Amino acid sequence: MKTSQLLLALAIAASLAACGDKEASAPAAAPAAPVAAPAPAPVVAENAVGKKVYGSVCALCHAAAVAGSPKPGDKADWGPRIAQGKEVLYKHAIEGFTGAKGMMPAKGGSTTLTDDEIKAAVDHMVSLSQ
């Protein structure tokens, strides 16, 4: 009986192999039209300095909208500020500013930060708010 089972298994395997050969020899259908590859997504460098300064200094006020500070991501609050241009935002962040909505202490109250670090933090918050 073992021999008959072996012969049956071989016969089945041969039949399946023959079926596979017929399918493999069938010509593949060509695509109707060439498909263009999708364009790669643009690579945007992360503003690591701005993110770090925001997290360690700026978020103390901006995350909770203390003293009228705009929360990053709040397009309605940031829109008019962004419209003034980055140079105005940089100046207010570096030198400080008091306006109708509140006040911004010079360098966020952290006098050890450089102007470039403040600008990076401003750029980070603006990028989150556009």
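How much accessible surface does the protein chain have, and what share of that surface belongs to carbon and sulfur atoms? I found about 9200 Å² for the protein chain, with 65% belonging to carbon and sulfur atoms; accessible areas come from the Shrake-Rupley method with a 1.4 Å probe, and for residues only the protein chains shown count as cover.

**Before going on.** I noted that this is a predicted model, in which local features need pLDDT of at least 70 and side-chain atom pairs count only at pLDDT 80 or more, while totals for chains, interfaces and linings use all residues. Residues are numbered from 1 along each chain as its sequence is written, and side-chain values use heavy atoms, with hydrogens and water left out.

**The chain as a whole.** I looked up the order of elements and read α-α-α-α-β-β-α along the sequence, that is, five helices and two strands (DSSP runs numbered from the N terminus, H or I of at least four residues for helices and E of at least two for strands). Of the 130 residues, 22% are buried (under 20% relative accessible area, with exposed meaning over 50% and partly exposed in between, using a 1.4 Å probe and protein chains only).

**Helix α3 against helix α5.** I followed α3 (residues 75–83) and α5 (residues 115–129), whose axes come within 9 Å and cross at roughly 125 degrees (axes are lines fitted to C-alpha atoms, for helices over the stretch in contact, and angles run from 0 to 180 degrees between N-to-C directions). The two helices are therefore oblique to each other (under 35 degrees counts as roughly parallel, over 145 as roughly antiparallel, 65 to 115 as roughly perpendicular, and the rest as oblique). Lys75, Trp78 and Ile82 of α3 are in contact with Met125, Val126 and Ser129 of α5 (heavy atoms within 4.5 Å).

**Helix α4 against helix α5.** I then turned to α4 (residues 86–95), whose axis comes within 9 Å of that of α5, with a crossing at roughly 125 degrees, which makes α4 oblique to α5. On the α4 side I listed Lys86, Leu89, Tyr90, Ala93 and Ile94, and on the α5 side Asp115, Ile118, Lys119, Val122, Asp123 and Val126.

Is histidine 124 buried or exposed? I found that histidine 124, which lies in helix α5, is buried, with a relative accessible area of 12%. Leaving aside residues up to four places away in sequence, histidine 124 touches Asn47, Gly50, Lys51 and Tyr54.
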